[in-house]
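Have the sequence and the 3D view ready.

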Amino acid sequence: MVALLSDTSLILWLQQFSPTLDLPFTLITALGNESFFLLFLPLVYWCIHRRIGAGLAILFLISASVNAIAKAWIGMPRPFMVDPSVIQLAAAGGNGFPSGHTQGAMVVWSYLAVRFQKTWLWWLAGALIVFIPLSRLYLGVHFPADLAGGYVIGGLLVFAFFKAERPVAEKIEKHSSSRSIPVLFAATVATAFLVKDQGPYVISAVAALMGTSLGIVLERHWIGFQTNVSMAKRSTRYLTGVGGLLVIYIGLKMGCAEMEPSWLFRFVRYGLVGLWIAAGAPFLFHRFIKQQKPTQ
């Protein structure tokens, strides 16, 4: 197991094609970065399909939380830390195992392919599930074993989520908001203190998950927005929503940079990002960007 984790032969073979493939693999790996999902997940939820978008956001954030916790607990190094002949061609924070890009690609694109059942999406999903992890090897930031861990954990999470998604969604629809929202809020506060010492990546992922979960419950009980609007209105929604998202994401980062305790302000920042995506922006859409006859 140790030998497998520290094996860099495949990475070094791939890096013989550097710098020719640096740009394409850098662009491919960007499809697994936080900034990509920050813009992509709201697109699906706000503009394409509310229910599928909500499920996708929750699945991705569960996966990101599990991945961040696993990295913190297992504490495995990255290839360039082990072998000086490996060139680090991309920024990479935290520990290596399991690969977050691999796990994220696995859960996001397999979920979308299954839910939408489009041939072109199956091909796109297959390509991204292969090439995003491959880019991590080429860029020198993951071992093959890191990718294997991401595939296995991601696959298990997708399987479990498909089993649990419908029953949980039905309970959310049926339960009174006066009962579920206070419970979720209390769970969010308790979770903040549980993860405060687990590092910034765990705090960010768990905070976004809790904020999004609370927002989805609020949206279903009190807002009820739909995605069946004209393309022009979808574009207006997206640009408006992303504008508010960037104000929260960047504004709080700059405004709270020197504030202590840093873990608390990080939790609040990412929690508000999730809450805005799930409920804040939909409230704005429902109130000011009128929808057509509901179908979802």
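Which residues in α12 meet which residues in α13? R237, T240, G241, G244, L245, I248, Y249, L252 and K253 are the α12 residues. Their partners in α13 are R269, Y270, L272, V273, W276, I277, A281, L284 and F285. Contact here means heavy atoms within 4.5 Å.

## About the model

This is a predicted model, in which local features need pLDDT of at least 70 and side-chain atom pairs count only at pLDDT 80 or more, while totals for chains, interfaces and linings use all residues. Residues are numbered from 1 along each chain as its sequence is written, and side-chain values use heavy atoms, with hydrogens and water left out.

Helices are DSSP runs (H or I, at least four residues), and strands are runs of E (at least two); both are numbered from the N terminus.

## The α12 and α13 pair

Two packed helices are described by the angle between their axes and the distance between the axes. For α12 and α13, the angle is about 155° and the axes are 10 Å apart. Axes are lines fitted to C-alpha atoms, for helices over the stretch in contact, and angles run from 0 to 180 degrees between N-to-C directions. The two helices are therefore roughly antiparallel to each other. The cut-offs are these: under 35 degrees is roughly parallel, over 145 roughly antiparallel, 65 to 115 roughly perpendicular, and the rest oblique.

The crossing of α12 and α13 is right-handed. A crossing is right-handed if the near helix is turned clockwise from the far one by less than a right angle, and left-handed if anticlockwise. The contact of α12 with α13 has twelve nonpolar, three polar and three charged residues. Nonpolar covers Ala, Val, Leu, Ile, Met, Phe, Trp, Tyr, Cys and Pro; charged covers Asp, Glu, Lys and Arg; the others, Gly among them, are polar.

## Two further helix pairs

α4 also packs with α13, at an angle of about 30° with the axes 11 Å apart. That makes α4 roughly parallel to α13. Their crossing is right-handed. On the α4 side, E34, L38, P42, Y45 and W46 make the contact. On the α13 side are Y270, V273, W276, I277, A278, A281, P282 and F285. By class, this contact has twelve nonpolar residues, no polar ones and one charged.

α3 pairs with α8 (residues 119-138): the axes come within 8 Å and cross at roughly 125°. That makes α3 oblique to α8. This crossing is left-handed. D22, F25, I28 and T29 of α3 touch F131, I132, L134, S135, R136 and Y138 of α8. The residues divide into six nonpolar, two polar and two charged.

## The largest pocket

What is the volume of the largest pocket? The value is about 1,200 Å³. A pocket is found on a 1 Å grid over the protein atoms alone, as an open set of points with protein on both sides within 12 Å along at least five of seven lines; a cavity is a set where a 1.4 Å probe fits but cannot get out; lining residues have an atom within 4 Å of a point. Points are joined across faces, edges and corners, and a volume is the space filled by probe spheres set on them.

The pocket is lined by 49 residues, and the closest to its centre are G32, N33, E34, A64 and Y201. Elements that give two or more residues are α3 (22-30), α4 (34-48), α5 (50-74), α7 (100-116), α11 (200-223), α12 (231-255) and α13 (262-288). α5 gives the most, with nine residues. The lining has 23 nonpolar, 19 polar and seven charged residues.

## The cavity

A search of the whole structure finds one cavity of 30 Å³ or more. The largest cavity has a volume of about 40 Å³. Its lining is Y45, G53, A54, A57, T212, I216, I277 and A278. α5, α11 and α13 each give two or more of these residues. The largest share, three residues, comes from α5. Six lining residues are nonpolar, two are polar and none is charged.

## Backbone details in the loops

P261 lies in the loop between α12 and α13.

Q117 is not a glycine, yet has a positive phi of about 55°. Find Q117 in the loop between α7 and α8.
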